[in-house]
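Here is a colleague's note to read alongside the sequence and the structure. Please keep both in view while going through the numbered points.

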Amino acid sequence: EPGAGLRIFRDILRRADKNDDGKLSFDEFKAYFADGVLSGEELHELFHTIDTHNTDNLDTEELCEYFSQHLGEYGNVLSVLEDLNITVLKAMDKTKKDYQEASDLEQFVTRFLLKETLNQLQSLQSSLECAMETTEEQTRQERQGPAKPEVLSIQWPGKRSARRLQRNNSLSPNSPLFSTGWIEEDSQWMTQINRLQKLIDRLEKKDLKLEPFQEEVLEENAKSHIMIVQRQMSVIEEEIEEFRLALKQYVESASAQGGCLHVSIQKLPSDSRFIVYEFWKNSNAWNSHLQMNYSKTFQRSNVDFLETPELITTMLVPASWWVLNNN
């Protein structure tokens with residue numbers, strides 16, 4: 001029986017074991033473990049290192065044996081994840097049983113808690129994705145040698161869809177995982193919203209009049225909405241000068257993009273927190289900007305400059321609200 005945190009390798013073996021014979025052949029191992037970096041030879045070598053029973057197959061025991069020596073800090077992570085899985089499943093089970101009979105208030109609290117749990121997990125997931133991309137990128141730069149990486153036969157599960165989720169469903173700014181030191185109270189958040197409002201007003205060079213009772217029929221395509229992005233970054237005190245340089249380069253490059261309408265930087269006087277507002281013509285413009293080298297370079301440098309992962313909030317507004325005065 002694998003120890004705490006190692007039971008995950010039973011799951012891994014089950015997922016990777018395509019013919020359900022309870023062990024992994026080299027082909028099954030390669031299909032699951034190839035990460036687009038290691039070459040076929042390196043994977044082969046790794047397979048035989050793990051296969052201490054010399055059966056040309058891997059079992060759960062061998063996987064646990066090998067990985068347990070290298071888990072480091074992730075031993076704790078896997079162990080906590082295991083407990084979290086059990087706890088969440090238990091809670092959902094109870095919800096399923098009790099929800100219908102519950103009072104309106106209890107039902108409301110349940111819905112709220114489910115949503116917040118999901119918010120927390122999505123915040124965590126975006127930090128992990130950022131770390132994953134950074135490590136992949138670093139490895140790619142270090143390994144520009146002749147060894148041909150083994151092609152990934154399948155996308156890492158959940159990676160794409162999670163990203164899409166995160167974009168459409170931007171993380172709540174008060175998400176407790178990131179809130180330490182971000183938002184002392186609601187009034188501070190309101191200040192940010194008011195600043196954003198003023199910025200839109202200034203860009204429009206006229207008062208922004210929203211008429212709530214007039215129903216507007218919007219075109220369905222992505223181009224009919226402007227993407228407003230707010231990035232909050234809490235910078236390590238000693239890194240502020242370096243960070244300013246990196247931010248300056250990033251803003252210059254972003255502003256030069258055809259799809260960029262405006263970029264504005266706010267520095268909070270009380271602490272080393274920067275807030276960047278970006279206005280993009282539409283979500284496609286924002287998405288393709290994220291793929292550009294200057295954008296990725298800035299993301300990577302932030303790993304060293306920031307105290308906590310940056311918090312990105314996005315909002316789509318109808319392009320018809322953005323009628324710039326050309327006279």
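This is a predicted model: local features need pLDDT of at least 70, side-chain atom pairs count only at pLDDT 80 or more; totals for chains, interfaces and linings use all residues.

1. Asp93 and Lys97 both belong to helix H5, which covers residues 74-98, and they are 4 residues apart, about one turn of the helix.

2. How exposed are the partners of this bridge? Asp93 is partly exposed, with a relative accessible area of 35%, whereas Lys97 counts as exposed because its relative accessibility, 61%, is over the 50% cut-off.

3. Helix H5 also holds Asp98 and Lys94, which again are 4 residues apart, about one turn of the helix. The side chains of Asp98 and Lys94 meet in a salt bridge of 2.6 Å, taken from N to O. Asp98 is partly exposed at a relative accessible area of 35%, while Lys94, at 52% relative accessibility, counts as exposed.

4. A further salt bridge joins Arg143 to Glu42, with the closest N and O atoms 2.7 Å apart. Arg143 lies in the loop between helix H6 (104-142) and helix H7 (159-168), whereas Glu42 lies in helix H3 (residues 40-50), so this pair ties together parts that are 101 residues apart in sequence. Arg143 counts as partly exposed at 33% relative accessibility, and Glu42 counts as partly exposed at 28%. By the rule used here, the count comes to 12 salt bridges.

5. Turning to the annotation, the UniProt record, which is an unreviewed entry, places the feature "domain: EF-hand" at residues 4-39. In the model, the end C-alpha atoms of residues 4-39 lie 32 Å apart, and the span is 47% helix and 0% strand.

6. How do helix H1 and helix H2 pack? Helix H1 (residues 8-16) and helix H2 (residues 26-33) pack at an angle of about 110°, and their axes are 9 Å apart. H1 is therefore roughly perpendicular to H2, because angles from 65 to 115 degrees count as roughly perpendicular. On the H1 side the contact is made by Ile12, Arg15 and Ala16, and on the H2 side by Glu28, Tyr32 and Phe33. Sorted by class, the contact of H1 with H2 has 4 nonpolar residues, 2 charged residues and no polar ones.

How values were computed
Residues are numbered from 1 along each chain as its sequence is written. Side-chain values use heavy atoms; hydrogens and water are left out. UniProt positions are given in the numbering used here, feature names are shortened, and annotations may be inferred rather than shown by experiment. Helices (H or I, at least four residues) and strands (E, at least two) are DSSP runs, numbered from the N terminus. Axes are lines fitted to C-alpha atoms, for helices over the stretch in contact, and angles run from 0 to 180 degrees between N-to-C directions. Angles under 35 degrees count as roughly parallel, over 145 as roughly antiparallel, 65 to 115 as roughly perpendicular and the rest as oblique. Contact means heavy atoms within 4.5 Å. Ala, Val, Leu, Ile, Met, Phe, Trp, Tyr, Cys and Pro count as nonpolar, Asp, Glu, Lys and Arg as charged, and the others, Gly among them, as polar. A salt bridge is a side-chain nitrogen of Lys or Arg within 4 Å of a carboxyl oxygen of Asp or Glu. Buried means under 20% relative accessible area, exposed over 50%, partly exposed in between (1.4 Å probe, protein chains only).
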